[in-house]
Structure formats: C-alpha cells, structure tokens
Amino acid sequence: MRIVGAEFTRSCVAPEQFPPDRGIEFAIVGRSNVGKSSLINRLVQQKGLAHVSRTPGKTQAVNFFDLRTNDRALSPFRLVDLPGYGYARVSKALRAQWGPLIQRYLCERRSLACVLFLIDARGSEPTDVATFEWLRSLKLPVIVVMTKSDKLGRGERRACEETVRETFLLTEADPVIQWSSVTGEGRDRLWQAIREAVRT
Ligand code: GDP
C-alpha cells in the first residue's frame, strides 16, 4: 500500500466543527506526550504533518488528517488525533472541556472504525487502564500500540508486552504493536493491523 497524499484537515474544539461524518476514521488515543504526533508523522512518512510538541498537553483540539492511499478499502481514510489525557498542569476549565468533546466523538462518530490506543512501552499508568476500559465499554475495536520501544532492549520489551497483555486483559487475538517513531519499527505491522481492522 502506498500513501498518495496526506494533509491536515481541521482542528476542532467543538463537535459542530467536525468534518462530515463519512469515510473511515481511526482515532488516536493516549496520554499527553506518549508520542501521538510522532506516530502520525512516521505512519504517514511526512515530517511535521502533526506538530510534535515538546510541551505536553498543548494539543487540546481534535485534529483531523486526510490520507489518500492506493488501497481502495482505505479511501477515503482519516486519522483523528484526540487530545491527550492525564496532564495535570492543564487548567481545570480546559480539562472540563476535553471530556465532553472526546465523549461526543467516540460515542457518536459513525465513521470511527477503530482506536489506536497508545501507551508507553515502558509501562502503563492507572489513567491508561481506566481509558482503555472505557473504550472497551463503548465496544470500540482497539489496536494497542506500545510507543518509544526503542528505549527498551529485546528482553525488556517482551516482558513489558506480557505485563500489558495481563493488565489490559488482552487475548492472543488482540493486536499489540511495538512501535518506535525514531527507528520506524512497527510501521508495517500497524498498517497491516489497520487494514485487517477495516476488513472485519
Ligand atoms: P504527543 O503529545 O502524544 O503528541 O507526543 P509527541 O509525538 O509530541 O512526542 C512527545 C515526546 O516524545 C517528543 O519529545 C518526541 O520526540 C518523543 N517521542 C515520540 N515518539 C518517540 C519514540 O518512538 N521514541 C523516542 N525515543 N521518543 C519519542
């Protein structure tokens, strides 16, 4: 599969601003600073497409990216970057605004095919577990992506993946992908998992 084009579509702070609910969307959910922007840039192979922020919690909007591929099953296809959670330094008012916005998107969006759920390969936090349980309760298909795998050795990765599978009560059939935006590890596997999620 080849990506023919990718562009930033729109940044939304209210559901009314979401683009028309058509096509196939994959949402990206994870803690602030877990590597969401970096994953988008690497997945699409376009540096700077999603702004890689060095200040955690800066992205408070729902950002839509339109992708054109030569795979007919994935046309049209959008990546949707949801605001990161769990960053304490963001004001109370902003946090109050996040919840409803994310909830509206995840609960009502018909185009939403699957969630890419990002956790740091070195370990999850209670907020990750709570968010994952919420996604499951919404009956959304989820692909777990362990980011920043390059920070771990082979043995450590295997151990951390085992822990994640136990913590999140995953079965062998649930995809867990070791990912590094630095080395590009996991890119082929993630595209494959995306295609499989669209087919099922
Ligand atoms: P976001 O807040 O979830 O969008 O996270 P960013 O993509 O902005 O990344 C947060 C920080 O983690 C940045 O300093 C990135 O350079 C770094 N980072 C992101 N992905 C990786 C990765 O796969 N490996 C390593 N070593 N660092 C990463």
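**View A: an oxygen atom of the ligand sits 2.6 Å from an N or O atom in the side chain of S38.** The model is predicted: local features need pLDDT of at least 70, side-chain atom pairs count only at pLDDT 80 or more, and totals for chains, interfaces and linings use all residues. Residues are numbered from 1 along each chain as its sequence is written, and side-chain values use heavy atoms, with hydrogens and water left out. K148 also takes part: an N or O atom of its side chain is 3.0 Å from a ligand oxygen. V34 uses its backbone instead, with an N or O atom 3.3 Å from an oxygen atom of the ligand. Each is a polar contact, meaning a pair of N or O atoms within 3.5 Å; within protein, one must be able to donate a hydrogen and the other to accept it, and residues adjacent in sequence count only if both atoms are side-chain atoms.

**View B: the protein buries 84% of the ligand's surface.** Taken alone, the ligand exposes 580 Å². Such areas come from the Shrake-Rupley method with a 1.4 Å probe; for residues, only the protein chains shown count as cover.

**View C: T147 lies in strand β6.** Helices (H or I, at least four residues) and strands (E, at least two) are DSSP runs, numbered from the N terminus. Is T147 buried or exposed? T147 is buried, because its relative accessibility is 2%. Buried means under 20% relative accessible area, exposed over 50%, partly exposed in between (1.4 Å probe, protein chains only). The T147 side chain reaches the backbone oxygen of V34 at 2.7 Å. Beyond neighbours within four places in sequence, T147 is in contact (heavy atoms within 4.5 Å) with V34, L118, I119, D120, A121 and W179.

**View D: helix α4 covers residues 154-167.** The expected span is 1.5 Å times one less than the number of residues. For the 14 residues of α4 that gives 20 Å, and the end C-alpha atoms are 20 Å apart, which agrees. R157, C160, V164 and R165 are buried in α4. Seen down the axis, the buried residues fall within an arc of 140°, so they line one face of the helix. The arc is that of the directions from the helix axis to the C-beta atoms. Just after the helix, L169 takes a positive phi of about 50°.

**View E: G186 sits in the loop between β7 and α5 (187-199).** G186 counts as buried because its relative accessibility is 16%. Setting aside neighbours within four places in sequence, G186 is in contact with I177, Q178 and W179. M146 is 40 residues from G186 in sequence, and their C-alpha atoms are 9.4 Å apart.

**View F: the protein chain has five helices and seven strands.** Along the sequence, the pattern is β-β-α-β-β-α-β-α-β-α-β-α. Of its 200 residues, 48% count as buried. Among contacts between residues at least 6 apart in sequence, 74% join residues at least 24 apart. The chain's accessible surface comes to about 10,300 Å², and 50% of that belongs to carbon and sulfur atoms.
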